[in-house]
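Morning, everyone. Please have a look at the chain on the screen before I start.

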Amino acid sequence: KSNSFCTLLVAMARAVSAAIAVLGVLLAATVRATVLDTVSAANSRVVCHYADIIAGYPNVCDAYLRDASNQPWGTEHDACQLFFTWCGTVDKNSPGPLRNATFLGNGHYRIVFHPTTAGWNSLGASIGGNAVSVSPSMMLVHPATISGYHSTSTCHKTMGITKCNVKHRDAFGNVVSACASYSTESSLQPLATCQVMS
């Protein structure tokens with residue numbers, strides 16, 4: 001009686017069945033295995049729905065993760081490995097990075113985020129520390145509606161004339177518009193006719 005040793009190596013993220021023969025005799029047993037291959041950042045991509053959006057509104061991006069053989073990769077437990085960032089070009093960053101991607105099946109993950117920094121924002125993604133292509137790579141965020149609570153006015157008086165620089169801001173502090181108003185002791189130019197500052 002001899003002992004036979006067989007090794008079955010599965011490298012793809014899909015089910016594989018194999019019939020094993022020993023000394024030319026086909027065994028009745030069939031082996032099935034599913035093993036996840038390593039994710040490939042080069043084969044994966046992220047597509048965002050909006051390249052132009054208002055501050056505070058949701059933007060949706062879909063990530064399609066693939067392995068080295070370009071097969072769908074990942075499960076719901078792998079969502080936390082997807083790293084997504086968006087950064088504004090102003091003097092502050094939007095609240096990224098983000099790890100709350102939702103698994104939709106077949107290597108498809110959905111990311112929803114709310115940019116708040118007006119101006120051009122860069123978009124980036126990575127998996128396992130390796131960059132994933134994002135399209136578009138830039139997103140233009142417009143200020144939201146004017147918030148009186150967040151708007152500011154700075155005034156100074158020179159030779160009997162008071163000049164006020166007014167900045168209308170949205171709820172996130174983004175400048176919606178800016179203008180200057182002037183007043184003397186006898187007249188005040190209404191704010192509605194502020195001269196727009198360049």
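A quick word on the source. This is a predicted model, where local features need pLDDT of at least 70, side-chain atom pairs count only at pLDDT 80 or more, and totals for chains, interfaces and linings use all residues. Residues are numbered from 1 along each chain as its sequence is written, and side-chain values use heavy atoms, with hydrogens and water left out.

Core first. A nonpolar core is a set of buried Ala, Val, Leu, Ile, Met, Phe, Trp, Tyr and Cys residues joined through side-chain atoms within 4.5 Å. Buried means under 20% relative accessible area, exposed over 50%, partly exposed in between, with a 1.4 Å probe and protein chains only. The largest core here has 25 residues. Val46, Leu82, Phe84, Phe113 and Leu123 touch the most other members. Several strands (E, DSSP runs of at least two residues, numbered from the N terminus) supply at least two residues each, including E5 (59-67) and E9 (119-127). Strand E3 gives the most, with four.

Now the hairpin. Strands E12 (147-158) and E13 (161-169) run antiparallel, joined by eight bridges. DSSP needs at least two bridges for a pair. Two residues sit between these strands, and Met159 in the turn has a positive phi of about 50°. Cys155 stands opposite Cys164.

Last, two residues. Tyr64 lies in E5. Is Tyr64 buried or partly exposed? Partly exposed, because its relative accessibility is 23%. Gln71 is in the loop between E5 and E6. Gln71 is partly exposed too, at 29%.
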